Amino acid sequence: MEAAEFRKRGKEMVDYVADYLEQIDKRQVFPDVEPGYLRPLIPDCAPQDPESFEDVFKDIEKIIMPGAASPACTELETVMLDWLGKMINLPGEFLAGKDGQGGGVIQGSASEATLISLLAARTKTIRRVQSEKPELTEADVMGRLVAYASDQAHSSVERAALIGGVKMKTVSSDDTFSVCGSALKKVLDEDKASGLIPFFFCATLGTTPCCSFDKLLELGPVCNKENIWMHIDAAYAGSAFICPEFRHLLNGVEFADSFNFNPHKWLLVNFDCSAMWVKKRSDLTGAFKLEPLYLQHHHQESGLVTDYRHWQIPLGRRFRSLKLWFVLRMYGVRGLQEHIRKHIRLSHQFEHLVLQDERFEICAEVVLGLVCFRLKGSNELNKALLKSINEAKKIHLVPCHLREKFVLRFAICSRAVESTHIKFAWQHISQLATDLLKTWEQNHHQ
């Protein structure tokens, strides 16, 4: 949508809201719809090609407003997570469908999804262990629980364990910065021999430092055999799985208990929109369900209603699925695929420019839209280059450590980025490197 159309559509939306408020006394205070009303009114999968704003906007009054707000909010979210799950070819066990045991929910962030998964896994494990060994108290079990993640995992995983009051251990990654099955099994065997209870492993697809991928096809069977909840954090990379040529990166998801990625990171949906799926929604509701009188409703025992307050930490929630519905319809699957593919082409363009300059090196395989690179030289030299880049305020880079190396990260993320921006960025970096190396050599020769 160009700026002129955005202004036009924005005014139309403001007029719609104003008209609604002016005539609100003519509307019912409670909807007449029955549970499940919305699913038959919309297709069972996202459109391949873009739809017009007019068509989407018309459906607000036709489909959404009869169920405003809570029934529509909940039911559209359930269907949109099924749409999104089908777009990345998630196994059917993760979809709600009409009578599935799994399903999706929109959380605020990947951090929340990891925390929710860990807490659900903790409750499930405590109950299982106590059923096997009734003499153990909840405190006895809690003190022995251990969660695991890669040494490349995001700090939010460690924070989840901190909030959950359980031990967290990192598993060493290999030369490609990925965790393999044998590395996890070794740590599990050592901890079980020490009397600890492994209960949760967070696999990462597209790590923050360098976009590496843990080996699900090796890790999944280990977790399943050891009765460990496997959660997959694909916060950034998950959007790429809508492209068939990148779907293989998700192979092994069938072994997972929960899976998460952020459409607000790379799928053109505004923050916040973090999509999370579980194989068994009863694992979540079993951990978080409380039913005070003031939150009860007459449909809750019917089995026909998804009650998302049992899937998350807060009770209140926004109508986040509405923006996802708009994006999926106005871009279509093909439009979103082209968005992803364009960014990946541009990342390889930048990689090619780096490789043409013998002063620089690529530090990790370029798989998606992230390029990890550095000047050949000391960490101090690269810290100085990063400082020059960010102080110039033409582009902004965030660094990482890959083993002992200080590395610069070039991330393609703007909707409007073009090849000319990549060329400009590289010319800027190259010139700053030239200037830095001159002064660096002079200072170190004195």
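Contact means heavy atoms within 4.5 Å. The structure is a predicted model, in which local features need pLDDT of at least 70, side-chain atom pairs count only at pLDDT 80 or more, and totals for chains, interfaces and linings use all residues. Residues are numbered from 1 along each chain as its sequence is written, and side-chain values use heavy atoms, with hydrogens and water left out.

**Exercise 1.** Find which residues of α2 meet which residues of α11, and describe how the two helices cross.

Solution.
- Step 1: Helices are DSSP runs of H or I with at least four residues, and strands are runs of E with at least two, numbered from the N terminus. By this scheme α2 covers 53–64 and α11 covers 321–355.
- Step 2: On the α2 side the contact holds F53, D55, V56, D59, I60 and I64, and on the α11 side L322, W325, F326, R329 and M330.
- Step 3: Sorted by type, these residues give eight nonpolar, no polar and three charged. Ala, Val, Leu, Ile, Met, Phe, Trp, Tyr, Cys and Pro count as nonpolar, Asp, Glu, Lys and Arg as charged, and the others, Gly among them, as polar.
- Step 4: The axes come within 10 Å and cross at roughly 145°; they are lines fitted to C-alpha atoms over the stretch in contact, with angles from 0 to 180 degrees between N-to-C directions.

**Exercise 2.** State which residues of α8 are buried and what they pack against.

Solution.
- Step 1: Buried means under 20% relative accessible area, exposed over 50%, and partly exposed in between, with a 1.4 Å probe and protein chains only.
- Step 2: In α8, residues 216–225, the buried ones are L216, L219, G220, V222 and C223.
- Step 3: The partners of these buried residues are α7 (181–193), β4 (197–204) and β5 (229–233).
- Step 4: Just after α8, N227 has a positive phi of about 60°.

**Exercise 3.** Locate the cis peptide bond that runs from A68 to A69 and the one from F271 to D272.

Solution.
- Step 1: Most residues other than glycine have a negative phi, and most peptide bonds are trans.
- Step 2: The A68 to A69 bond has omega near 0°, and A69 sits in the loop between α2 and α3.
- Step 3: The F271 to D272 bond has omega near 5°, and D272 belongs to the loop between α9 and β7 (274–278).

**Exercise 4.** Describe the backbone and surroundings of K393.

Solution.
- Step 1: K393 is in the loop between α12 (379–392) and β10 (398–402).
- Step 2: Its phi is near 60°, a positive value in a residue other than glycine.
- Step 3: K393 counts as exposed because its relative accessibility is 70%.
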